[in-house]
Amino acid sequence: MHTELRRAPAPRNTPACPPTDGPPQGHEGLPQGHVLAVGTPGPRRERLTRTLESTGYAVTHAAPGEVGPSVQRTPPDAIVALDGHGGLEQAVAVVREIRTAPQGQVLPLVMLTADREPAGVARLLRSGADDCLPEAADPVELSARIDAKLHRVPVPVDRLPQDPRTGLYSAPHFRAELDRELRRPGRREGVLAVVAVAEADALEERFGARVRREVAERLAGVAERLGAGSDRLGRDEEGRLLVLMPGVDEETARRALTDFATAVAGTRFVVADENVRLTPAVGWLPLADADGRAVERAGDAVAEALRHRDLRPVRYEPWMRATAPRRRAKKVVRPLLLALSPLLALLIGVGVPFALYEQTYAVLGWDMASAVYWVVVAGLVLSAALILLECLFSLDAPTRPAAPAQPYPPASAVIAAYLPNEAATIVDTVESFLRLDYPNDLEIVLAYNTPHALPVEDTLREIARRDRRLVLLPVPGSTSKAQNINAAVTRVRGEFVGIFDADHHPAPDAFRHAWDWLSNGYDVVQGHCVIRNGDSSWVARQVAAEFEAIYAVSHPGRTRLYGFGIFGGSNGFWRTDLLARTRMHGSMLTEDIDSTLRALREGARIATDRTLISRELAPTRLKPLWNQRSRWAQGWLQVSLRHLGQALRSASFTRRQKAGLLVLLGWREVQPWLSLQILPILLHSAVRAGGADRIDWATPACLLAFAFTLSAGLVQTAFAGRLALPELRGKRGWFWRHAMVSTVFYTHFKNIVARQSHLKELLGDRRWRITPRTAAAKAVGQE
């Protein structure tokens, strides 16, 4: 972490645990405590181990010189150390090593020595030992002395400067530190952050209240590893980590907190003797805006971060207060502008350029339209040339490795669903997943949200009882696919995970073929999405042919041409560790493309495989198709605005990749408006010529450019028909109709959608319009 995150130093000889009514208790069946036995491997340490185990303690071991890593890896409740063969000097060295380790500073330490000389015992105690016994002491006495250190605290814990178990500031003392910082004269620069963990409630339910203390300790360990110095860490009554970062600007603090959250999400922790993944939720506010309720304000931001689980620190805003009224969209202006958006698009794309051409000609005598005309022609020719290049490169797309480089590991599938939308199809989908052919364990996690209970949930629970591979994961409060995936990624057990929408039916061999790529050095592989309800309507047939142009031609061709693949949102397979670090951002309407860019910037390799099949449903009417493509277009715009500039400046991408990103994120946003410019140009030319009938329409350059542009779509459709699956390759009529409809209608339809989506983003309308799904024969799916 760029800034310093270090817990306050803990005083030596502080007892290790708050008062309890009995021995330390965890979840049912645990021993009464965990003791680290420090000593050189051999008979002496073995005798000590037997002694400790006979009195009910769980024992782990560390040799001198290995105490720090051992304590950090699995923090014990107490340490018992042997003095070694080097006598008093070696015993003192062991005490100093233990007390040098951050966690070792606050743990009870009992030394066992072969020498009971008073001077030697006194030196060990002054060096930091809490007690000193002869090695031959009675086991009952040794156990009693350890218990005395664990169970008795001289003062209440909340009155100690640091939590004696974790070494973190206790909540009252952290607030006192914060108050001192806020009273500091002059300009207050810095940040207060609160960090919660999305899995805390579930872990507490399984392991008991003590797990929150362990989680806070793990978070603090990451913070310590990433930084050092003056920042203060504490723990509040709910077990959340408190971070005071004085003297840093907001952007530096935000980057530091983002790095911290990513590091936590990418680490597997041992909590309550179990490997778990954690999802940190970070809320923060600048000290300049802080007051006596600063921790509560940051906690309100944490609640917002917990909803998304996407690792992004959330800055506190007043509307996040539980007592504050929620922000409301403008009731009149925005709906009116959205209703008039088709006219606004014509005004911006046609009216304004026409007025500009007329004015420059009238005032300056310069026919600006003539220059723009050649820019438009060049742009259309460039678009057509890029399409033809993608077609040619798709023929030479990399083929799937012939065999996996490693044995098949456990795998997971995540199906993200909004059940009211998927109720008619979800059971069929789940059963198709349970029929998949995979040679190792394959769990199917259905991560779903629903505003109310549905009968289909009873059916799903019955399937889960019959087949333990199905895991039902309700995500309360979720409002997006991204939040469902983020909730599932810490739950999955597989080494890699496939992500699917609720209408997808993967091919039986999909997971085996995905591992062929992932085991050979790739991090993500995107498969081929095939429409399975093309017979439902002409719209579904149009989409079926279009998907072949996208997944059989464009994606493989672009991957080969530009040197990187794209995750398309469904039928994509990720290494679980990468997905845990990357997550999905629910604020993005195309969270899949956004996650692609963030993964690529991290150095991930993404493959595209048109033989990796999953079948899905297409919209069957124009309105659902409009809603779907509008969301896609607006999502691409959001990704372009967020990532294009960063990508072009980044050293993570090669020049070839930057050229591809410029086309995918830049040119695709310009092209719909550029193609519209032919209308104001022709209108201006007609005015100058005295009528449309006086324009020379037979200009060779214009005709050649038009023919070349038209041919690109026809060629792409021909390639799609040739590279399509056999089940679609025989439906030649679908592809011919697609070519004709695209020429006279569908291409213009998509350009209109793109221009409308730009206006929606400008007006701040980012609503996700849900389209109901029905059975496959009558599907009107969203995607």
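**Exercise 1. Two packed helices**

Task: State which residues of α12 meet which residues of α24, and describe the contact.

Solution. In this predicted model, the α12 side of the contact consists of Gly349, Val350, Pro353, Phe354, Tyr357, Glu358 and Tyr361. Facing them in α24 are Leu679, Pro680, Ile681, Leu683, His684, Val687 and Arg688. Sorted by class, the contact has 10 nonpolar, 2 polar and 2 charged residues.

Next comes the geometry. Two packed helices are described by the angle between their axes and the distance between those axes. Here the axes of α12 (residues 341-364) and α24 (residues 678-689) come within 8 Å and cross at roughly 40°. Angles under 35 degrees count as roughly parallel, and 65 to 115 as roughly perpendicular. α12 and α24 are therefore oblique to each other. Their crossing is right-handed.

**Exercise 2. An open sheet**

Task: Give the strand order of the open sheet of 8 strands, and find which strands stand at the edges.

Solution. The order is β16-β15-β14-β17-β20-β19-β21-β18, and the pairing is mixed. β16 (470-474) and β18 (505-506) are the edge strands; each has a single partner strand, so one side of each is left without a neighbour in the sheet. Helix α16 (residues 455-466) packs on the sheet and touches β15 (442-449) and β16. The direction of α16 makes about 140° with that of β16.

Within the sheet, β19 (residues 524-531) and β20 (residues 572-575) pair in the antiparallel sense over 3 bridges. Gln526 has Gly572 in β20 as its bridge partner.

**Exercise 3. A hairpin**

Task: Describe the pairing of β10 and β11, then assign the residues of β10 to its covered and uncovered faces.

Solution. β10 and β11 (residues 274-277) pair in the antiparallel sense over 4 bridges. Arg268 has Arg277 in β11 as its bridge partner. The hairpin has 2 residues between the strands, and Ala272 takes a positive phi near 50°.

For the faces, the rule is that side chains in a regular strand alternate between the two faces of the sheet. In β10 (residues 268-271), Phe269 and Val271 form the covered face, while Arg268 and Val270 form the uncovered one.

**Exercise 4. A helix and its surroundings**

Task: How many residues of helix α18 (residues 510-518) are buried, and which are they?

Solution. The criterion is a relative accessible area under 20%. The buried residues of α18 are Ala510, Phe511, His513, Ala514, Trp515, Asp516, Trp517 and Leu518. These are 8 of the 9 residues of α18, so the helix is largely enclosed by the rest of the structure.

Definitions and conventions
Residues are numbered from 1 along each chain as its sequence is written. This is a predicted model: local features need pLDDT of at least 70, side-chain atom pairs count only at pLDDT 80 or more; totals for chains, interfaces and linings use all residues. Side-chain values use heavy atoms; hydrogens and water are left out. Two strands pair if DSSP finds at least two bridges between them. Contact means heavy atoms within 4.5 Å. Axes are lines fitted to C-alpha atoms, for helices over the stretch in contact, and angles run from 0 to 180 degrees between N-to-C directions. Angles under 35 degrees count as roughly parallel, over 145 as roughly antiparallel, 65 to 115 as roughly perpendicular and the rest as oblique. A crossing is left-handed if the near helix is turned anticlockwise from the far one by less than a right angle, and right-handed if clockwise. Ala, Val, Leu, Ile, Met, Phe, Trp, Tyr, Cys and Pro count as nonpolar, Asp, Glu, Lys and Arg as charged, and the others, Gly among them, as polar. Buried means under 20% relative accessible area, exposed over 50%, partly exposed in between (1.4 Å probe, protein chains only).
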